[in-house]
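Here is a briefing on two interfaces. Keep the structure open while reading.

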Number of protein chains: 2
Amino acid sequence: MNDVSSERLAPLVRKLASLGRLSQPEIDAVKALPITIRDMKAGQDLVRQGDRPSQACLMLDGMSYRFKIVGDGARQILSYHISGDIPDLQSLYLVSTDHTLSTLMSSRVAFIPHRSLHHLIETHPRLGGLLWRDTLIDGSIFREWMCSMGRRSAPTRVAHLLCELVVRYRNAGLAAEMTIPFGLTQINIGDSLGLSVVHVNRVFRDLKRDRLISVSGRKLTVLQWAELKRAGDFDPDYLHLAPEG
Amino acid sequence: MNDVSSERLAPLVRKLASLGRLSQPEIDAVKALPITIRDMKAGQDLVRQGDRPSQACLMLDGMSYRFKIVGDGARQILSYHISGDIPDLQSLYLVSTDHTLSTLMSSRVAFIPHRSLHHLIETHPRLGGLLWRDTLIDGSIFREWMCSMGRRSAPTRVAHLLCELVVRYRNAGLAAEMTIPFGLTQINIGDSLGLSVVHVNRVFRDLKRDRLISVSGRKLTVLQWAELKRAGDFDPDYLHLAPEG
DNA sequence: CGCCGGTTTGAAGAATTTCAAAGGGAGTGG
DNA sequence: CCACTCCCTTTGAAATTCTTCAAACCGGCG
């Protein structure tokens, strides 16, 4: 492989390295994955509910999110995905997709054939374990969101989500200090947390008023991290950031 | 192995067979897993938040459930587990457990050393794939619960949960007709769906009044399945019951 | 400049929670 | 075997959070 294609998969290598130590042959095998790269605009579907994808999506840049539409037409957002994430990794073993994956902003996405990933897992079982681990962390995040939606107040939910985004961006090396890219609309936040836009707006207003956060353009800055964590009942353990073992 | 121990793992074999076709050597390998069986009373912890288990729990009989306690002391129930389920399978690759697993009623539980499971996965990669698939279905159920808690009304949530229990019991061959074992208290249901007991009680009263369900002792009977499904906005796709492929 | 999607605000309404207390039912110990 | 106890269920009433509706505002983009 040449330098260009090897650099292209750097976000994936970094992500896997954050899940567990990688050997050089493993790194090489990951970098050798055949990929197709596409630049996508905001609001485009990557996988639709009911699809049976034959490739997995790897986020290189930008952000994507998963959601379901319930009976009365309301939308529930399930997760957000940044550089290095493979949002539909579960499609490797769950042939029929039960939700939709879309870009939240203009994004660069790599498509990796399932065939290649299955082969990678067979030849490098440890990498398979790391990918498995990644899907388990995905599930852990769902569990935490369930706690938020079931048992936390609206202000706590919003603060919690912001904390999660900050920690994940920082962990991926995509945030300087306490400022993160912030492409979510308040509509998105409402659909993530089971709240109406109006209410999200009011909670946001209070968070700004209390100088916990500030938003300017598409950047969000945490002004008082300890306070925001407390307000959001946030404990990062569920993100399982410490590598395996 | 003798007949006794092979029979003991029948729930696991059946579960795996429902996830994908098993070869005879694979069945034999599963049956050969070394296990410790314990009979447990209701309300005992199997794994606690923060634990680093060295074995996985397999439900043989009874029911267990997972939950988290949030900052203000409220409890969020995350899932229920019946015969054949391995509720803490994620501990194979997520060393630190982020929630608690307890018995909901008196149960028979088998403990399988992680070491044995890791060895099984190495020697029988296809079984590894099925177990992975099982953890992915776990995640899919979380996603559906998120939809319920975020975007469904209380009556819909309750009906949805009942539908799920019915389908899962029937799929596991543990329910005759439309009657299932029903050990959940209304407190449990509230903590599962993000509702107060009082409100659960009122919703339940309506479901009985409208003759969608009836409860007697520790059995629940669905009187009008089509109606209950509709009331619960229930589509079983998310359970991914059709075997892989 | 005008449009479009997102944000913000006010006011009224609905769903659900909280508080309080009484009523069952199953197991336990006397 | 009965009474007691504990937990769960049930009901009423008041309180609260959050939603809905409606409309104005704002900012970026074509």
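The points below cover the protein–protein contact, then the protein–DNA contact. The model is predicted. Chain B and chain A bury about 4100 Å² between them. Around DNA strand D there are 15 residues.

**Chain B against chain A**

- The contact involves 49 residues of chain B and 49 residues of chain A.
- Carbon and sulfur atoms give 67% of the buried area.
- Between the two chains there are 24 residue pairs in polar contact, both partners at pLDDT 80 or more.
- On chain B, strand 4 (64-69), strand 5 (75-81), helix 5 (125-151) and helix 7 (186-193) each supply at least two residues of the side that touches chain A.
- Helix 5 of chain B gives the largest share of that side, 20 residues.
- By class, the side of chain B that touches chain A has 19 nonpolar, 15 polar and 15 charged residues.
- The salt bridge count between the chains is 6.
- Asp191(A) and Arg151(B) form a salt bridge, with N to O at 2.7 Å.

**Protein against DNA strand D**

- The closest residues are Ala154(A), Ser196(A), Gln186(B), Asn201(B) and Arg202(B).
- Of the DNA strand D atoms within 4 Å of the protein, 62% belong to sugar and phosphate.
- Gln186(B) places a side-chain N or O atom 2.7 Å from a phosphate oxygen.
- Ala154(A) has a polar backbone atom 3.1 Å from a phosphate oxygen.
- Arg202(B) has a polar side-chain atom 2.5 Å from a base nitrogen.
- Helix 8 (197-209) of chain B supplies the largest share of the surface near DNA strand D, 5 residues.
- That surface has 5 nonpolar, 7 polar and 3 charged residues.

Methods
Residues numbered from 1 in each chain as written. Chains lettered and ligands numbered in written order. Predicted model: local features only at pLDDT ≥ 70, side-chain atom pairs only at ≥ 80, totals over all residues. Heavy atoms only, no water. Contact = heavy atoms within 4.5 Å. Buried area = accessible area lost by both parts, 1.4 Å probe. Salt bridge = Lys/Arg side-chain N within 4 Å of Asp/Glu carboxyl O. Polar contact = N/O pair within 3.5 Å; in protein donor to acceptor, adjacent residues only side chain to side chain. Helix = DSSP H or I, 4+ residues; strand = E, 2+ residues; numbered from the N terminus. Nonpolar A, V, L, I, M, F, W, Y, C, P; charged D, E, K, R; others polar. Near = heavy atom within 4 Å.
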